[in-house]
Amino acid sequence: MESLDVFRFNNRENLLILGVMGGIASGKTTVTNEFAKYGAHVINADLVVREILQEKNTQQQIGETFPHIFPNANFDKKLLAQHVFSSRDNLKKLESILHPLVRLRIKNMLEDIASKGKEKVVVETGPDLKLEDKDAKLAFVDTHMKVHHEKTVVIIDAPLLWENGLHQGVDTLIFIDTPIELRRKRAETNRGWNNDELDRREKFQSDLLVKKQNSNYVIENENQQKMEQQVKDIWLQLPR
Ligand SMILES: CC(C)(COP(=O)(O)OP(=O)(O)OC[C@H]1O[C@@H](n2cnc3c(N)ncnc32)[C@H](O)[C@@H]1O)[C@@H](O)C(=O)NCCC(=O)NCCS
Ligand SMILES: Nc1ncnc2c1ncn2[C@@H]1O[C@H](COP(=O)(O)OP(=O)(O)OP(=O)(O)O)[C@@H](O)[C@H]1O
């Protein structure tokens with residue numbers, strides 16, 4: 001399946017699709033979850049990969065592709081990560097197994113959301129609504145119907161959105177800008193990655209500056225409160 005086929009499905013016009021880009025541990029998932037509080041549907045490619053990797057068929061295929069890594073056919077994600085992030089050839093082999101499956105799942109998820117029709121999402125414009133509480137949100141929305149989107153908003157959080165050409169099929173691109181030192185620190189503290197793991201993996205990703213320059217919006221994510229404000233501003237500006 002070609003990249004753009006992911007976006008060829010019935011009722012595509014029902015959706016406004018946002019794509020998130022940014023370096024490793026820049027906060028793509030954190031920002032995406034912030035959009036979800038306003039009603040966006042989330043598609044997280046890392047989660048899709050995690051699900052696919054749990055399937056016996058996939059593990060078997062990976063085992064057969066890398067017999068030297070899994071001589072006893074015991075699938076081990078950590079071991080796999082070590083081998084693919086130290087050899088471009090190995091990474092390409094793994095991607096050729098996983099990416100077609102990931103594309104198909106993303107397409108199915110989008111199609112499924114689009115099939116439910118246009119979902120009018122109403123956004124509050126007041127300053128202090130606690131959006132975590134769904135009932136409070138709905139009650140607020142009922143009385144403050146100020147801004148709404150005519151389409152269902154979907155946000156795709158895929159670290160390789162650009163590399164896989166998926167950026168061409170989304171409607172709006174958002175880049176998460178976070179200084180490298182902070183990203184390294186967050187990856188070390190919150191994921192237990194050692195200090196060169198982020199750089200080791202990021203070598204296999206495209207230039208961040210190119211991604212940033214090709215985005216419609218840039219969110220700076222050094223500070224939670226400022227990030228939340230930027231998400232809100234963007235949400236209110238999205239095409240309706
Ligand atoms: C190698 C694997 C098993 C490592 O698993 P692990 O749980 O340690 O990492 P996780 O999947 O949560 O990814 C964490 C981050 O690593 C980076 N990363 C993952 N895969 C890749 C890749 N192919 N190229 C560059 N960076 C990658 C991304 O920034 C990602 O957000 C896994 O990442 C994988 O199967 N990758 C290949 C599939 C893929 O390309 N996934 C990216 C999204 S489609
Ligand atoms: N504004 C913030 N303030 C404090 N911590 C944050 C903030 N944004 C993200 N983080 C933390 O930084 C880490 C990386 O964030 P997140 O997982 O959202 O990044 P990502 O870009 O999705 O990562 P990946 O590239 O691996 O997919 C997480 O542990 C998250 O909790």
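In the predicted model, helix α2 meets helix α5 through A45, V48, V49, E51, I52 and L53 on the α2 side and L98, L101, V102, R105, I106 and M109 on the α5 side. The residues of this contact comprise 10 nonpolar, no polar and two charged. Helix α2 spans residues 45-53 and helix α5 spans residues 88-115; their axes come within 10 Å and cross at roughly 120°. Because angles over 145 degrees would be needed for a roughly antiparallel arrangement and 65 to 115 for a roughly perpendicular one, α2 is classed as oblique to α5. The crossing of α2 past α5 is right-handed.

Helix α5 also packs against helix α3 (residues 56-65), at an angle of about 155° and with the two axes 11 Å apart. This angle makes α3 roughly antiparallel to α5. The crossing of α3 and α5 is right-handed. On the α3 side the contact involves T58, Q61, I62 and T65, and on the α5 side K93, L94, I97 and L98. By class, the residues of the contact of α3 with α5 are four nonpolar, three polar and one charged. Residue L98 of α5 is listed in the contact with α2 and also in the contact with α3.

The sheet of the model is open and consists of five strands in the order β2-β5-β1-β6-β7, with parallel pairing. Strands β2 and β7 (217-220) are at the edges and each has a single partner strand, so one side of each has no neighbour in the sheet. On average, neighbouring strands of this sheet are turned by 25° against each other, direction ignored.

Within this order, β5 lies between β2 and β1. Strand β2 (residues 41-44) pairs with β5 in the parallel sense over four bridges, and H41 has V154 as its bridge partner in β5. Strand β1 (residues 15-22) runs parallel to β5 and is joined to β5 by six bridges; in this pairing L18 is opposite I155.

Strand β5 (residues 152-157) is mostly covered, with six of its six residues buried. In a regular strand the side chains alternate between the two faces of the sheet. In β5, T152, V154 and I156 point one way, while V153, I155 and D157 point the other way, and all are buried.

Helix α10 (residues 224-237) lies across β5, β6 and β7 and runs at about 160° to β7. The loop between β5 and β6 contains H167. Relative accessibility of H167 is 18%, and because the limit for burial is under 20%, H167 counts as buried. Leaving aside residues up to four places away in sequence, H167 touches L161, W162 and L173.

Methods. Residues are numbered from 1 along each chain as its sequence is written. Chains are lettered from A and ligands numbered from 1 in the order in which they are written. This is a predicted model: local features need pLDDT of at least 70, side-chain atom pairs count only at pLDDT 80 or more; totals for chains, interfaces and linings use all residues. Side-chain values use heavy atoms; hydrogens and water are left out. Buried means under 20% relative accessible area, exposed over 50%, partly exposed in between (1.4 Å probe, protein chains only). Helices (H or I, at least four residues) and strands (E, at least two) are DSSP runs, numbered from the N terminus. Two strands pair if DSSP finds at least two bridges between them. Axes are lines fitted to C-alpha atoms, for helices over the stretch in contact, and angles run from 0 to 180 degrees between N-to-C directions. Angles under 35 degrees count as roughly parallel, over 145 as roughly antiparallel, 65 to 115 as roughly perpendicular and the rest as oblique. A crossing is left-handed if the near helix is turned anticlockwise from the far one by less than a right angle, and right-handed if clockwise. Contact means heavy atoms within 4.5 Å. Ala, Val, Leu, Ile, Met, Phe, Trp, Tyr, Cys and Pro count as nonpolar, Asp, Glu, Lys and Arg as charged, and the others, Gly among them, as polar.
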